[in-house]
Amino acid sequence: MEGVGAEGASAASPVAQWGNDVWRMYQYYLDKSTPHTVHRWIGTFVVMAIYCLRVYYVQGFYIIAYGLGIYILNLLIGFLSPLVDPEIDPSDGPLLPTKGSDEFKPFIRRLPEFKFWYSFTKAFVIAFVMTFFSMFDVPVFWPILLCYWIVLFVLTMRRQIAHMIKFKYIPFNVGKQKYGGKKSSASSSGSRGD
């Protein structure tokens, strides 16, 4: 009886080993792509364009597009929100400065950029694969879904922007003060009038 179990484990071992090797290679390239933000997003927009062309040419799968839109909106809210919401939990963790005299505390996102990108891209790939299965092509009147999603987006973003204004935080680097490093000694010595 023991021999049969051991034989089955050794037969599954090469498959498990191959799966582990593939997963490690995938993780390796994912880790190497981390510092290349622009290239990652260009690839994501290519995947997004391919998905949109697929939905346009098939003229269907609008319910998948609607579900994808809701998921992307949820990701966007996490990306724009601080890790610790000052409205919910004002005492613990890094807080956002509320006055000009407060100590600077960096904006820490609830959903970091890399995880946002990864989930965004994965969602489009899954939605693209789903367009090849007719069981996901539920007949719906797409203009109503589009109008409902636009209303949901506007209301959600209005609430998020009001939250940003109330607690005075900007989740992007645009418009923030930049500090220069130390000037080199060669340039400062050349400016003296000795």
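Biologist: Which residues have the most contacts inside the largest nonpolar core?

Modeller: A nonpolar core is a set of buried Ala, Val, Leu, Ile, Met, Phe, Trp, Tyr and Cys residues joined through side-chain atoms within 4.5 Å; buried means under 20% relative accessible area, exposed over 50%, and partly exposed in between, with a 1.4 Å probe and protein chains only. Here the largest such core has 26 residues, and Tyr51, Leu68, Ile72, Leu75, Phe116, Phe120 and Phe124 have the most contacts inside it. Two or more residues come from each of helices H2 (37-58), H3 (62-80), H4 (113-130) and H5 (142-167), with H3 giving the most, nine residues. Helices (H or I, at least four residues) and strands (E, at least two) are DSSP runs numbered from the N terminus. This is a predicted model, in which local features need pLDDT of at least 70 and side-chain atom pairs count only at pLDDT 80 or more, while totals for chains, interfaces and linings use all residues. Residues are numbered from 1 along each chain as its sequence is written, and side-chain values use heavy atoms, with hydrogens and water left out.

Biologist: What does Leu75 touch?

Modeller: Contact means heavy atoms within 4.5 Å. Not counting residues up to four places away in sequence, Leu75 touches Leu111, Phe116, Ser119 and Phe120. Of these, Phe116, Ser119 and Phe120 are among the buried residues of H4.

Biologist: Why is the length of H4 said to agree with expectation?

Modeller: The expected span of a helix is 1.5 Å times one less than its number of residues. H4 has 18 residues and should therefore span 26 Å, which agrees with the 26 Å between its end C-alpha atoms. H5, with 26 residues, reaches 37 Å from its first C-alpha to its last, close to the expected 38 Å.

Biologist: Which residues of H5 are buried?

Modeller: They are Leu145, Thr156, Met157, Gln160, His163, Met164 and Phe167. H3 is included in what covers the buried residues of H5. Just after H5, Lys168 takes a positive phi of about 55 degrees.

Biologist: Which residues does the UniProt annotation "transmembrane region" cover?

Modeller: The unreviewed UniProt entry assigns it to residues 38-57, 63-84 and 140-157; such annotations may be inferred rather than shown by experiment. In the model, residues 38-57 are 100% helix and 0% strand, with end C-alpha atoms 28 Å apart. Residues 63-84 are 82% helix and 0% strand, and their end C-alpha atoms lie 34 Å apart.
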